[in-house]
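Visitor: I have a structure open here and would like to walk through it with you. Could we start with how the helices pack?

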Amino acid sequence: NLTSGIVGLANVGKSTFFQAITRSKLGNPANYPFATIKPEEARVLVPNSRLDHLVDLYHADRKIPAVLKIFDIAGLVRGASDNKGLGNAFLADIRAVDGIFQVVRSFKDPEITHIEGSVDPVRDLTIVQDELLLKDMEFIENELERIRKQMKNRGGKTAQDFADMDEEIATLEEAYDILIGGQRIINKPDWTDNQIDILNRNHFLSTKPSVFLANISEEDYLNGTIPSLSGIEDWVSEFAPGSPVIPISAAYESKYADEHPSAIEGKSALPEIITEMRKTLHLISYFTCGPLECRQWTIRENTLCPQAAGVIHTDFEKTFINAELIKYDDVAGLKPPYEEKILRSKGKIHRVGKSYVVQDSDILTFHSAA
Ligand code: GDP
């Protein structure tokens with residue numbers, strides 16, 4: 001199950017956003033830096049109108065939506081990679097998550113201290129990025145030292161082992177040069193598959209898939225007079241191309257969460273934020289449906305049917321025989337009362353095997369040997 005973390009400088013609205021998104025009193029918003037020290041974990045329900053429709057259609061007793069795990073990570077400061085502020089602890093927390101929500105402060109409020117003294121989202125993006133790049137450089141230095149030490153010990157190693165280590169060193173050195181240039185490793189377009197494997201193994205901080213959240217004032221947010229985000233967008237298209245930039249008002253979201261505890265809808269940006277993070281992490285869903293429950297399961301894009309079954313129970317992957325598949329589009333327009341046998345008679349229930357790549361919103365029933 002993939003996780004995401006909320007990252008940004010201190011006092012930009014991370015905890016306020018976290019509280020809103022979890023509707024809980026986790027997190028710790030307060031008007032002073034470092035109010036948030038321990039990462040807090042929350043599980044957020046993924047809004048999905050298709051699941052709602054399926055619950056209706058199948059008359060299911062229970063609806064079980066997918067969840068996105070979110071950590072509230074303490075604020076970053078200039079010099080964090082040097083262990084200033086809370087330093088390395090939260091850099092380690094960032095390493096542990098798969099995706100990053102990066103909150104940048106775009107609201108002006110003289111009452112709320114800005115740790116850098118003024119509101120300047122592009123400068124803040126650069127501060128955070130520099131800390132991540134510096135930490136990755138330090139990490140590569142340590143890795144290179146470790147591999148070189150390993151190479152000195154020749155015992156029990158084949159020529160292939162040495163060739164592999166040589167390639168690892170060359171790849172990491174190349175990555176290091178890119179980081180020195182202030183760029184992200186993933187921005188180099190022509191890494192080979194093997195190099196990408198090497199880089200992925202290292203879980204670099206600066207290559208984490210990111211969704212950028214521009215925290216604007218509640219007034220601007222509600223009036224739709226969204227201040228120009230072009231500075232942020234330009235920066236993102238240069239340093240993290242393809243990453244979404246979403247305007248939010250953390251203050252509004254937390255108020256909205258209190259007033260509408262059960263529904264995330266209307267003016268709230270949360271559904272879009274959750275959906276964008278799932279897309280950024282290349283996550284999709286399939287459904288299992290019946291009268292007892294309709295459930296949304298999370299898988300990565302390009303997952304084969306047996307591995308998708310394995311998400312329900314690891315045994316299902318090993319004992320997988322085949323699956324029955326209903327395409328969501330074939331039931332999207334139907335209303336209860338609904339019976340699968342009508343779909344069957346129309347040839348809308350398909351049998352798929354081990355080589356089927358599960359698509360988003362597929363409705364699946366697995367058959368296993370167990
Ligand atoms: P964190 O350090 O990034 O977690 O920031 P917090 O969420 O603790 O927020 C720091 C302070 O800024 C708190 O006093 C919040 O109430 C305030 N704050 C957060 N978001 C907004 C906002 O959108 N507008 C205004 N005016 N204040 C905000």
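**Helix packing and selected residues**

Guide: The axes of α4 and α5 cross at roughly 160 degrees and come within 10 Å, which makes α4 roughly antiparallel to α5. Please keep in mind throughout that this is a predicted model.

Visitor: What is the hand of the crossing where α4 passes α5?

Guide: The crossing in which α4 passes α5 is left-handed.

Visitor: And which residues in α4 and α5 meet there?

Guide: On the α4 side they are Leu133, Asp136, Met137, Ile140, Glu143, Leu144, Ile147, Gln150 and Met151, and in α5 they meet Phe162, Met165, Glu168, Ile169, Leu172, Ala175, Tyr176 and Leu179. Sorted by class, the residues of this contact of α4 with α5 are 13 nonpolar, one polar and three charged.

Visitor: What about α4 and α8, at what angle do they pack?

Guide: Helix α4, residues 121-152, and helix α8, residues 230-239, pack at an angle of about 30 degrees with their axes 9 Å apart. Since an angle under 35 degrees counts as roughly parallel, α4 and α8 are therefore roughly parallel to each other. The crossing of α4 and α8 is right-handed, and the contact is made by Pro121, Val122, Leu125 and Gln129 of α4 together with Gly231, Ile232, Trp235 and Phe239 of α8.

Visitor: How many of the residues in that contact of α4 with α8 are nonpolar, polar or charged?

Guide: The contact of α4 with α8 divides into six nonpolar residues and two polar ones, with no charged residue.

Visitor: Staying with α4, what should its 32 residues span, and how far apart are its end C-alpha atoms?

Guide: At 1.5 Å a residue, the 32 residues of α4 should span 46 Å, and the end C-alpha atoms are 47 Å apart, which agrees.

Visitor: Which residues in α4 are buried?

Guide: The buried residues in α4 are Pro121, Asp124, Leu125, Ile127, Val128, Gln129, Glu131, Leu132, Leu133, Lys135, Asp136 and Phe139. Among them, Pro121, Leu125 and Gln129 belong to the contact with α8, while Leu133 and Asp136 are among the α4 residues that meet α5.

Visitor: Back to α5, then: how does it sit against α6?

Guide: α5 packs against helix α6, residues 193-201, at an angle of about 75 degrees, with the two axes 10 Å apart, and that makes α5 roughly perpendicular to α6. Glu167, Glu168, Thr171 and Ala175 in α5 meet Asn194, Gln195, Ile198 and Leu199 in α6, and by class this contact has three nonpolar, three polar and two charged residues.

Visitor: I also have my eye on Glu174, so is that one buried, partly exposed or exposed?

Guide: Glu174, which is found in helix α5, residues 159-180, is partly exposed, with 14 other C-beta atoms within 10 Å. Glu174 and Arg43 lie 131 residues apart in sequence and 38 Å apart in space, C-alpha to C-alpha.

Visitor: New topic: where is the place of Tyr252, and which residues does it touch?

Guide: Tyr252 is in helix α9, residues 250-259, and, leaving aside residues up to four places away in sequence, it touches Glu218, Tyr221 and Leu222. Tyr252 is buried, with 21 other C-beta atoms within 10 Å. Although Tyr252 and Thr16 are 236 residues apart in sequence, their C-alpha atoms are 9.4 Å apart in space.

Visitor: Now the backbone, please: what is phi of Asn11, and what about Ser361?

Guide: Phi of Asn11 is near 70 degrees, a positive value in a residue other than glycine, and Ser361, which is not a glycine either, has a positive phi of about 75 degrees. Asn11 is in the loop between β1 (3-7) and α1 (14-22), whereas Ser361 is found in the loop between β11 (350-352) and β12 (362-368).

Visitor: Why does Asn11 count as buried?

Guide: Asn11 has 22 C-beta neighbours inside 10 Å and so counts as buried, while Ser361, with 19 other C-beta atoms within 10 Å, is partly exposed.

Visitor: Which peptide bond is cis, with omega near 0 degrees?

Guide: The peptide bond from Pro336 to Pro337 is cis, and Pro337 is in the loop between α13 (328-331) and α14 (340-345).

Visitor: Last one, how many helices and strands does the protein chain come to?

Guide: The secondary structure comes to 14 helices and twelve strands, and buried residues make up 37% of the 370 residues in the protein chain.

Technical notes: Residues are numbered from 1 along each chain as its sequence is written. This is a predicted model: local features need pLDDT of at least 70, side-chain atom pairs count only at pLDDT 80 or more; totals for chains, interfaces and linings use all residues. Axes are lines fitted to C-alpha atoms, for helices over the stretch in contact, and angles run from 0 to 180 degrees between N-to-C directions. Helices (H or I, at least four residues) and strands (E, at least two) are DSSP runs, numbered from the N terminus. Angles under 35 degrees count as roughly parallel, over 145 as roughly antiparallel, 65 to 115 as roughly perpendicular and the rest as oblique. A crossing is left-handed if the near helix is turned anticlockwise from the far one by less than a right angle, and right-handed if clockwise. Two residues are in contact if their C-beta atoms, placed from the backbone, lie within 7 Å. Ala, Val, Leu, Ile, Met, Phe, Trp, Tyr, Cys and Pro count as nonpolar, Asp, Glu, Lys and Arg as charged, and the others, Gly among them, as polar. A residue is buried if 20 or more other C-beta atoms lie within 10 Å of its own, exposed if 12 or fewer, and partly exposed in between; C-beta atoms are placed from the backbone. The expected span of a helix is 1.5 Å times one less than its number of residues.
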